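I opened the model to take notes on confidence, on the chain contact and on a few local features. The entries follow in the order in which I looked things up.

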Amino acid sequence: MPDDVYVKAASYLDSIDVVEVQRGPEPGGVGGAYRAFGETLRGLKTTMSRLIEGPLTIEYPEEKTPVYPRFRGRHKLHRFEDTGLEKCVGCSLCAAACPADCIRVVAAENIPGERVSSGERYAAVYEINLSRCIFCGYCEIACPFDAITMGHDYEMADYDRTDLIFTKEMLLAEPIERTPLKSEGEATEGAL
Amino acid sequence: MTHLLPLGDTQFAEATWIMIAKSIVIFAVIFGILPVLTVVERKLIGRFQHRYGPNRVGPFGLLQPLADVGKLISKESFRPENAVSTLFILGPLLPVFSGVLALAILPWGDVKNGVGFYGIDVPIGILYFFAVGSIAFYGLLLGGFASGSKYSLLGAMRSAAQLISYEVSMGLALLGVIMMSGSLSLVDIVRAQGGVWYIGPQIVGFLIFMLAGFAETNRTPFDMPEADAELVQGFMTEYGGMRFGSFLLVEYMEILVVSGIAAAMFLGGWMGPGPGWLDPIWMLIKMFALVFVFIWVRATLPRLRYDQLMTLGWKVLLPLATLNVLVTAILVVVT
């Protein structure tokens with residue numbers, strides 16, 4: 001049985017153009033040494049060109065990696081610019097869409113005269129547990145009022161898990177734009 | 001006049017205090033260069049890999065060696081239970097000793113106002129370098145053997161095997177220069193290069209010497225005794241603290257010594273345009289150019305296999321060096 005397989009494989013090999021692999025001279029001896037010397041010089045040239053090109057390092061704490069415009073970073077809650085009312089009406093669709101179950105919304109009725117949001121209800125409690133969030137952006141898609149969007153901030157490390165539960169006030173606060181954005185040209189180019 | 005030490009063809013003796021002053025200056029300068037060399041190497045390797053290298057401690061990371069040495073000194077100098085204690089302590093000391101000895105013969109300039117700009121002009125110059133350089137290997141061997149660890153022993157065995165594969169070719173590579181200049185003394189060899197530097201007629205010798213120099217200093221591509229990947233630093237495995245530090249120190253000192261010998265033998269030593277007081281500067285520049293080559297090669301080449309070094313040493317370098325010696329001998333006799 002195995003013989004059959006071999007015969008088949010052999011006939012298959014005969015049918016295609018078999019190109020002999022180009023090999024250098026055997027290692028050791030004069031030919032090998034000559035080839036190794038040439039290849040060494042080629043390697044030295046390569047490293048020297050790296051030296052001339054200079055470092056590509058982004059020195060992180062001082063200098064931040066620019067993100068793409070659609071980068072999904074820390075969430076932001078929004079207000080209407082003219083009235084200053086919150087866009088969120090406390091519908092909990094984001095919480096329903098969230099696969100990681102990290103959003104908690106408790107809605108309350110708006111009292112006329114002390115309106116918080118533009119709709120009938122508003123989010124009395126809006127919390128995102130960033131230690132559970134997977135930054136999928138489903139909340140952004142689910143939101144009918146564009147009240148929640150994914151921002152550009154990616155520096156969210158903290159010393160305590162409880163500090164990672166972001167409340168409504170924190171999410172509403174005017175974000176400090178710490179994260180640089182890639183320019184138009186950079187965004188279309190591939191890496192490097 | 002009686003001489004304590006055998007002097008070369010210079011046939012003059014310097015006052016004892018001049019000799020002491022010279023040795024202090026050479027010692028201080030070289031030991032001042034060594035820490036700079038460590039940081040220069042790390043920065044250059046970084047640049048070769050599109051990185052910056054150390055740049056956190058002090059301006060441009062220049063204080064990095066201080067931090068390194070501070071760390072090494074504050075560490076415990078421990079000793080494994082089954083180590084041979086005397087030899088274990090002697091291990092790192094011997095290479096330092098031999099490295100410092102080799103510094104003595106590096107020529108930094110000609111004789112001026114009765115003072116030679118070198119530690120001492122030994123009439124057997126190059127033989128002295130070989131004799132002293134080989135002592136360093138006893139340090140590695142003893143250190144590896146006395147550590148009582150498999151890895152250390154393997155590293156030590158490798159360094160022994162490495163020694164016999166390159167040392168012959170290294171000697172033969174220098175023989176061409178010695179024949180052309182007709183002297184073993186480094187000072188005389190440099191003087192003989194007033195016209196043409198020996199790197200021209202002895203290019204083969206120079207390449208073989210540098211290759212063997214990589215092996216002598218245990219640097220890539222011949223760093224099999226250390227081999228951090230498979231032998232976890234080889235003979236240094238069981239060393240910690242400043243004993244480990246002195247092994248590192250020796251590595252850089254050997255680089256300087258080999259570069260210095262190569263600069264003196266092939267690159268015209270202190271020869272260069274400008275007034276006489278520039279001589280030591282020229283020597284330093286040439287040395288650093290060769291040190292750069294050492295670092296460049298380290299950034300480029302992977303470690304060779306054990307048998308590849310043997311093959312290279314015995315089958316390529318030795319015949320080449322012998323051929324070089326033969327051709328040089330014929331040419332020297334004919335012309």
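Entry 1, the contact between chains. I count two residues as in contact if their C-beta atoms, placed from the backbone, lie within 7 Å. The model is a predicted one, and I read the interface with that in mind. How many residues of chain B are in contact with chain A? I find 13 residues of chain B in contact with 13 residues of chain A.

For the complex, I noted an ipTM of 0.70 and a pTM of 0.76 from the predictor. Chain B has an average pLDDT of 82, and 95% of the residues score at least 70. Where is confidence lowest in chain B, and where is it highest? The lowest mean, 75, belongs to strand β2 (residues 115-118) of chain B, and the highest, 88, to helix α9 (residues 279-300) of chain B.

I looked up helix α7 (residues 203-216) of chain B and helix α8 (residues 241-266) of chain B, whose axes come within 10 Å and cross at roughly 170 degrees. Angles over 145 degrees count as roughly antiparallel, and α7(B) and α8(B) are therefore roughly antiparallel to each other. From α7(B), the contact is made by Phe206(B), Phe209(B), Met210(B), Gly213(B) and Glu216(B). From α8(B), I listed Glu254(B), Val258(B), Ala262(B) and Phe266(B). The residues of this contact divide into 6 nonpolar, 1 polar and 2 charged.

What is the strand order of the open sheet of 3 strands in chain A? I read β2-β3-β5, with antiparallel pairing. The edge strands are β2 (103-109) and β5 (165-166) of chain A, each pairing on one side only. I then went through the pairs. β2(A) is joined to strand β3 (residues 121-129) of chain A by 7 bridges, and the two run antiparallel. Within that pair, Arg104(A) stands opposite Glu127(A) in β3(A), and Ala108(A) has Tyr122(A) as its bridge partner in β3(A). β3(A) and β5(A) pair over 2 bridges, in the antiparallel sense. There, Asn129(A) stands opposite Ile165(A) in β5(A).

I noted Ser92(A), which is not a glycine but has a positive phi of about 70 degrees. Ser92(A) sits in the loop between β1 (75-77) and α3 (93-97) of chain A. Is Ser92(A) buried, exposed or partly exposed? Ser92(A) has 19 other C-beta atoms within 10 Å and is therefore partly exposed; 20 or more would count as buried.

I also noted Asp146(A), with a positive phi of about 55 degrees although it is not a glycine. Asp146(A) is found in the loop between α4 (138-142) and β4 (148-150) of chain A. Asp146(A) counts as exposed because it has 10 C-beta neighbours inside 10 Å, and the cut-off for exposed is 12 or fewer.

Terms used:
Residues are numbered from 1 along each chain as its sequence is written. Chains are lettered from A and ligands numbered from 1 in the order in which they are written. This is a predicted model: local features need pLDDT of at least 70, side-chain atom pairs count only at pLDDT 80 or more; totals for chains, interfaces and linings use all residues. Axes are lines fitted to C-alpha atoms, for helices over the stretch in contact, and angles run from 0 to 180 degrees between N-to-C directions. Helices (H or I, at least four residues) and strands (E, at least two) are DSSP runs, numbered from the N terminus. Angles under 35 degrees count as roughly parallel, over 145 as roughly antiparallel, 65 to 115 as roughly perpendicular and the rest as oblique. Ala, Val, Leu, Ile, Met, Phe, Trp, Tyr, Cys and Pro count as nonpolar, Asp, Glu, Lys and Arg as charged, and the others, Gly among them, as polar. pLDDT is the predictor's confidence in each residue, from 0 to 100. Two strands pair if DSSP finds at least two bridges between them.
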